[in-house]
Structure formats: C-alpha cells, structure tokens
Amino acid sequence: TPFPVEILTLFPDFFDGPLRISLTGKAIERGHFSVNCVDIRDFTHDKHRTCDDVPYGGGAGMVMKPEPLVAALESARERHPGVPRILMSPQGEPFSQKIARELAQGPGMILVCGRYEGVDERVRQHWIDREISIGDYVLTGGEVASMVVIDAVTRLLPGVLGNQESISEESFSAPMLEYPQYTRPREFRGFEVPEILLSGDHGRVAKWRQEQALARTKERRPDLLERRDASPDSQSES
Ligand code: SAM
C-alpha cells in the first residue's frame, strides 16, 4: 500500500500542480505514496465557513479555530490510524535529512498547514504529535513548508529513486556535502571537466570525490564536521 500523505490546509489549490510534476508525480502514479488534500473549511458548519477567530487577550492577527481543525485531524486519523500528526511551525524542530529519513520509515504523515498567527494552543498540545520548522524565517502559511517535507521524505521511500546509491552518496547522508558533479560537454566555453573524471579509474575517481566532498564541507559547512566529531555513530546513520 502507498505511503499516505494527508495535507490539512485552508488552500488545497496550492498542491494541485506541483506534486504532479517530475519525480514526485511519477512516484504517486506508481503507487509509492498517495496524497490527499483536506480542505479544513469542509469541517465548518456555519454559513461563512469560518476557520479563524480573534486572539483571547487581544493583539494583532487571527488564530485558527480549534473545532474545524480538530474535526479534520480526526477524520484523517480515522483513515490512517497511528500516522503521526505533524504541525508545520516556525517553533518546531529544525527539519533535516535525519528527520526526513525517520519519517520515510513510515507509516505516513498527516501535515497541518497553519495560517494567520497559527493554531489554537490546545490543538498543538493535544492533537499534534510533532512540530517541524523548515528554517528560521516566517512564512505566510505552512503550505510551502509541508511541500518541502513531502519532497524530502517521499524521495527516500523505497523504489522512488531508481538509483538507491544516489541517496547514500548525496549531501548530508554522511553528514557531508556532496562532491561537484559534471556532465557533457567535456569543454564548455573554455572550461574543462577535471581530467581525473575522464580517467576511467574508479578508485582514483572515488578518492578524488571523497577529497572534494571533505574540502567543500570544510569550506562551506564546518559545523557539519564538528557535529560528526561530536557523535561518533552518526556515520552509520546513512
Ligand atoms: N505567529 C506565528 C509564530 O510566530 O509562531 C507565525 C505564524 S505564520 C505567519 C503562519 C503559519 O505558517 C504557521 O502556523 C506555520 O504553519 C507556517 N510557517 C511559518 N513559518 C514556518 C517555518 N519556518 N516552518 C514551518 N512552518 C512555518
């Protein structure tokens, strides 16, 4: 059965096109995962289909009302018992390749996209299993953030990428940045592909790539190497 992805949002149109494109589109067609967009507004009962209200205590902005959101969460949970309910939030744990790998282990994801000033705190406390932030900046809504999570997680599902090696070699699996990649033509506007990649010597190529990856990581993201030194078993995570 496909890995279920349920997206709870006030803007289901957001997801119509993008997920059907390229690798994710093919993975859905091939049944590796399924996407169901739930319009939170469908769980309202008033004429105006109200999903937000003013904050208790005053202040700027609106807050997502608990009733429709919790009803939407309960309906998603009924379809997929035991699937983690994940709130997209700038206050969540910083998203990483490690979290993507964890989530790809299954059993699926129910993603809640916030809007306005976010959701009522009681929903967060009692109906959410995990909160994820995609970075230290504030978006208008959780839709783009959930797209990031869906993209990073679903490409790790078994069978989605043709070449499983490309997963274990790429950036962060070590955790290190990836070596530089080249394709044809061999000379482009006077710039050559490094000679060693044309040598056909797989041993030397592998060694060169390793050196390049290390140098690049040292230069751009020394923090990744420090983290690795700090936890001796992080290498085996890949
Ligand atoms: N007032 C909220 C706060 O300071 O935490 C920010 C709300 S933000 C304008 C609206 C929604 O966008 C959030 O509920 C969340 O779902 C989403 N969002 C914003 N920034 C995000 C981030 N960095 N990562 C994940 N989701 C984010």
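Before I start: two residues are in contact if their C-beta atoms, placed from the backbone, lie within 7 Å. I'm also noting that this is a predicted model.

**Entry 1: Leu8 and the core.** I looked up Leu8 and skipped its neighbours within four places in sequence. Its contacts then include Val38, Ile40, Ala72, Leu73 and Ala76. Ile110, Leu111, Val112 and Cys113 are on that list too. Next I checked the largest nonpolar core, which has 38 residues, and Leu8 and Leu111 have the most contacts inside it. Elements that each supply at least two residues of this core include β1 (3-9), β2 (33-39), α2 (66-79) and β6 (109-112). The largest share, 5 residues, comes from α5.

**Entry 2: around the ligand.** I found 19 residues surrounding the ligand, with Met88, Gly114, Gly118, Gly142 and Ala145 as the closest. Two elements give two or more residues to this shell: β5 (85-94) and α5 (142-154). β5 gives the most, with 4 residues. Sorted by class, I get 8 nonpolar, 9 polar and 2 charged residues in the shell.

Entry 3: Gly114 sits in the loop between β6 and α4. Is Gly114 buried or exposed? Gly114 is buried, because 27 other C-beta atoms lie within 10 Å and 20 or more is the cut-off. Leaving out residues up to four places away in sequence, Gly114 touches Met88 and Gly142, among others.

Ile134 is in the loop between β7 (130-133) and α5. Ile134 has 20 C-beta neighbours inside 10 Å, so it counts as buried. Beyond four places in sequence, Ile134 is in contact with Phe95, Ala145 and Val148.

Notes: Residues numbered from 1 in each chain as written. Predicted model: local features only at pLDDT ≥ 70, side-chain atom pairs only at ≥ 80, totals over all residues. Near = placed C-beta within 6 Å. Nonpolar A, V, L, I, M, F, W, Y, C, P; charged D, E, K, R; others polar. Core = buried A, V, L, I, M, F, W, Y, C linked by C-beta atoms within 7 Å. Buried ≥ 20, exposed ≤ 12 C-beta atoms within 10 Å, placed from the backbone.
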